[in-house]
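Please have a look at the fold below before reading on.

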Amino acid sequence: MSQNTGASYAAAGVDIEAGDRAVELMKEWVKKTQRPEVLGGLGGFAGLFDASALKKYERPLLASATDGVGTKVDIARQLGVYDSIGHDLVAMVMDDIVVCGAEPLFMTDYICVGKVHPERVAAIVKGIAEGCVLAGCALVGGETAEHPGLLGPDDFDVAGAGTGVVEADRLLGADRIRSGDAVIAMASSGLHSNGYSLVRHVLLERAGLSLDARIDELGRTLGEELLEPTKIYSLDCLALIHTTEVHAFSHVTGGGLAANLARVIPDGLHATVDRSTWTPAPVFDLVGRTGSVERLELEKTLNMGVGMIAIVPQESVDVALTTLADRGVEAWVAGEITERDDHHTTGAALVGDYAN
């Protein structure tokens, strides 16, 4: 009898059984994210969300966003730490959604790997599920794809998409902003998930630093600093909306503080942010000093210590700061909105020097 030597999916490098085991391992974490509107369980072809819950809205607007984590995933791969990168994914997606005043509802994820290691995939999903809990949304489904030949056995990437809802007449944005409004900054937890191509180039490639090296100014290893999860502001922003008047939010991601803030500033107005109102965390100085990176280059690449901005009327400042403090969010008045004049060619600018 001749032996069957025909091609097979397994011989091509795809392990369906490993994928099935990964699904079983992640189920308990996905279950922790469930909201009452979610129907069915993990494993269906599509996640189901009961839209009748939106009947309470006069005119519900659905907000959607999609994003990834970028090259920060390579830090996780090198360190073999997979259960925190999901926080970054949720933050990138859901904090974009909440900017317009929308309540996060549900999210799906996409995990692409060179080889399915069930425990590793489950750890990634665990982090995503924990992030969804922090954002107040459900994780209703996802996909794990194995790409042998395109990715190495330990390589992976993650992406996600989310949906939220906001009442039409409560939509936040540029049309609400007025001259005299205050710019409230909310502290970032570190680098978050943007600028890692620059950070990796400077610290790992050019300076040759080890991820396991303890950096005194950071108070921990370089790897621990670089893997610090992105702060998720969704519920903090919703708390502000529920307790006081908010005109707009700006999520500080790729492009930096000034560029992201300018996205919500209407024509005729200008946002001025005073650097002297805060001191960026040591990691920002480490990148700048080690790579001889000019300040403007740093500021258009990294968040420099501010992860979310709220623009509120002056009479809302005290309540806003108290609300955020009660929720454990470090926040401060960093600037103001003024009429734009001939000296202002963009919608937002940073002025002064950072506090020491």
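Thr 108 has Ala 161 as its bridge partner in β6. The two strands involved, β4 (residues 103-113) and β6 (residues 156-167), run antiparallel and are joined by ten bridges. Strands and helices here are DSSP runs numbered from the N terminus, with at least two residues (E) for a strand and at least four (H or I) for a helix.

Before going further, please note that this is a predicted model, in which local features need pLDDT of at least 70, side-chain atom pairs count only at pLDDT 80 or more, and totals for chains, interfaces and linings use all residues. Residues are numbered from 1 along each chain as its sequence is written, and side-chain values use heavy atoms, with hydrogens and water left out.

**The sheet of four strands**

β4 and β6 belong to an open sheet with the order β3-β6-β4-β5 and mixed pairing; two strands pair if DSSP finds at least two bridges between them. At its edges stand β3 (60-68) and β5 (138-146), each pairing on one side only. From one strand to the next, the twist averages 15°.

**The sheet of six strands**

Another open sheet has six strands in the order β10-β12-β7-β13-β11-β14, again with mixed pairing. Its edge strands, β10 (248-251) and β14 (348-351), each have a single partner strand, so one side of each lacks a neighbour in the sheet. Here the twist averages 25° from one strand to the next. Within this sheet, β7 (residues 182-187) and β12 (residues 306-312) run antiparallel and are joined by six bridges.

Helix α7 touches β7, β10 and β12, and its direction makes about 170° with that of β10. Helix α11 (residues 317-326) touches β7, β12 and β13 (331-339), and its direction makes about 5° with that of β7. Contact means heavy atoms within 4.5 Å.

Two packed helices are described by the angle between their axes and the distance between the axes.

| Helix pair | Angle | Axis distance |
|---|---|---|
| α3 and α7 | about 15° | 9 Å |
| α7 and α11 | about 140° | 10 Å |

α3 and α7 are therefore roughly parallel, while the angle between α7 and α11 makes that pair oblique. Angles under 35 degrees count as roughly parallel, over 145 as roughly antiparallel, 65 to 115 as roughly perpendicular and the rest as oblique.

Which residues bring α3 and α7 into contact? They are Met 94, Asp 95 and Val 98 of α3, together with Ser 234, Cys 237 and Leu 238 of α7.

On the α11 side, Asp 236, Ala 239, Leu 240 and Thr 243 of α7 meet Val 319, Ala 320, Thr 323 and Leu 324 of α11.

Is α7 mostly enclosed or open? Seven of its ten residues are buried, so α7 is largely enclosed by the rest of the structure. Buried means under 20% relative accessible area, exposed over 50%, and partly exposed in between (1.4 Å probe, protein chains only). The buried residues of α7 are Ser 234, Asp 236, Cys 237, Leu 238, Ala 239, Leu 240 and Ile 241.

Definitions and conventions:
Axes are lines fitted to C-alpha atoms, for helices over the stretch in contact, and angles run from 0 to 180 degrees between N-to-C directions.
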